[in-house]
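Dear colleague,

Please find below the structure that I am handing over to you. I would be grateful if you would look at it first and then read the notes that follow.

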Amino acid sequence: MFTEDVVRETLEKVIEEALFDAGVKRSAVQAVCLGLSGVNHQKDQEKILGWLRSTFPSHVELYIQNDAVAALASGTMGKLHGCVFIAGTGSISYGFTEDGREARAAGAGPVLGDWGSGYGIAAQALIAVMRAHDGRGPQTVLSSCILQSLGLSSPDELIGARIAALVPVVVSCAEDGDQIADKILHNAVQELALSVKAVVQRLRLAREDGKGSFPVVMVGGVLGANKKWNIGNEVTNSILKTYPGACVIRPKVSTVLSI
């Protein structure tokens, strides 16, 4: 759990690095926009804005957004229209209409709504391992592969393990034919696609007939290609099956540079 002091120090370091890379002094800054994960409410924004106001002169314009907004802009070259979904350690789908309406789905943390994320996939894998271990579920290759990956000797040692990095292990097991791992990945694809579809429906991005054109920006390490399993392609296929007019975009511009 990061404290406010740690977050503040990290942001200060990032800002200093950005100024150094740009070759400008802090006094030359006219506006600051930060896209941050976990910024979901006005009170979250106000905390960061309060610190920024003490850091920059009063004439500097300040903007705080969820990092999903930066991710969307990275694929649309700054135009906030369409839908973005991020599938990394966490997951979120976020969308904007051309007249400024917005909606989101998932992104509520690992307990309430990061299904399909790296954490969600790994958590489901560990549940399967524990069920196999105590006899509540079928045996799975995930057990030996995950224990080996974490350097553990027994599933009893899994409590407290750092799990988001286990996604490649789950994918590898699925590619080797493990049915439990394969089911976990299929469920993740369904959850990721469902979050996108929920945003599209709420904002009517595809028009009433479902055939309208709109961008879908895809970002996150979970979406990478593997030997056989490609979560990104599977999610894309699911989205296009429902919304054939969707234009799927994998950004070439870093989200750090997008707003």
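**The cavity and its lining**

In this predicted model, the largest cavity is lined by Phe 85, Ile 86, Ser 91, Ile 92, Ser 93, Ala 106, Trp 115, Glu 191, Leu 192 and Ser 195. Two or more of the lining residues come from each of strand β3 (82–87), strand β4 (91–96) and helix α8 (179–203). Sorted by class, the lining has 6 nonpolar, 3 polar and 1 charged residues. The volume of this cavity is about 30 Å³, and the structure holds 1 cavity of 30 Å³ or more.

**The protein as a whole**

The protein has 9 helices and 7 strands. Its C-alpha atoms fill a box of roughly 65 × 50 × 30 Å along the principal axes. Of the 259 residues, 45% are buried. The accessible surface is about 14,400 Å², and carbon and sulfur atoms account for 53% of that area. Among contacts with a separation of 6 or more, 64% are between residues 24 or more positions apart.

**Strand β1**

β1 runs parallel to strand β2 (residues 61–66), and 6 bridges join the two. In β2, Gln 65 is the bridge partner of Gly 35.

**Helix α7**

How many of the 9 residues of helix α7 are buried? In this helix, which spans residues 167–175, the number is 7, and α7 is therefore described as mostly covered. The buried residues are Val 167, Val 169, Val 170, Val 171, Cys 173, Ala 174 and Glu 175. They pack against α5 (118–134), α6 (142–150) and α8. After α7 comes Gly 177, which has a positive phi near 100 degrees.

**Lys 241**

Lys 241 lies in helix α9, residues 231–242. Is this residue buried or exposed? Lys 241 is exposed, because its relative accessible area is 75% and the cut-off for exposed is over 50%. Between Lys 241 and Thr 140 there are 101 residues of separation in sequence and 32 Å in space, taken from C-alpha to C-alpha.

With kind regards

Terms used:
Residues are numbered from 1 along each chain as its sequence is written. This is a predicted model: local features need pLDDT of at least 70, side-chain atom pairs count only at pLDDT 80 or more; totals for chains, interfaces and linings use all residues. Side-chain values use heavy atoms; hydrogens and water are left out. On a 1 Å grid over the protein atoms alone, a cavity is a set of points where a 1.4 Å probe fits but cannot get out, and a pocket is an open set with protein on both sides within 12 Å along at least five of seven lines; lining residues have an atom within 4 Å of a point. Grid points are joined across faces, edges and corners, and a volume is the space filled by probe spheres set on the points. Helices (H or I, at least four residues) and strands (E, at least two) are DSSP runs, numbered from the N terminus. Ala, Val, Leu, Ile, Met, Phe, Trp, Tyr, Cys and Pro count as nonpolar, Asp, Glu, Lys and Arg as charged, and the others, Gly among them, as polar. Buried means under 20% relative accessible area, exposed over 50%, partly exposed in between (1.4 Å probe, protein chains only). Contact means heavy atoms within 4.5 Å. Two strands pair if DSSP finds at least two bridges between them. Accessible areas come from the Shrake-Rupley method with a 1.4 Å probe; for residues, only the protein chains shown count as cover.
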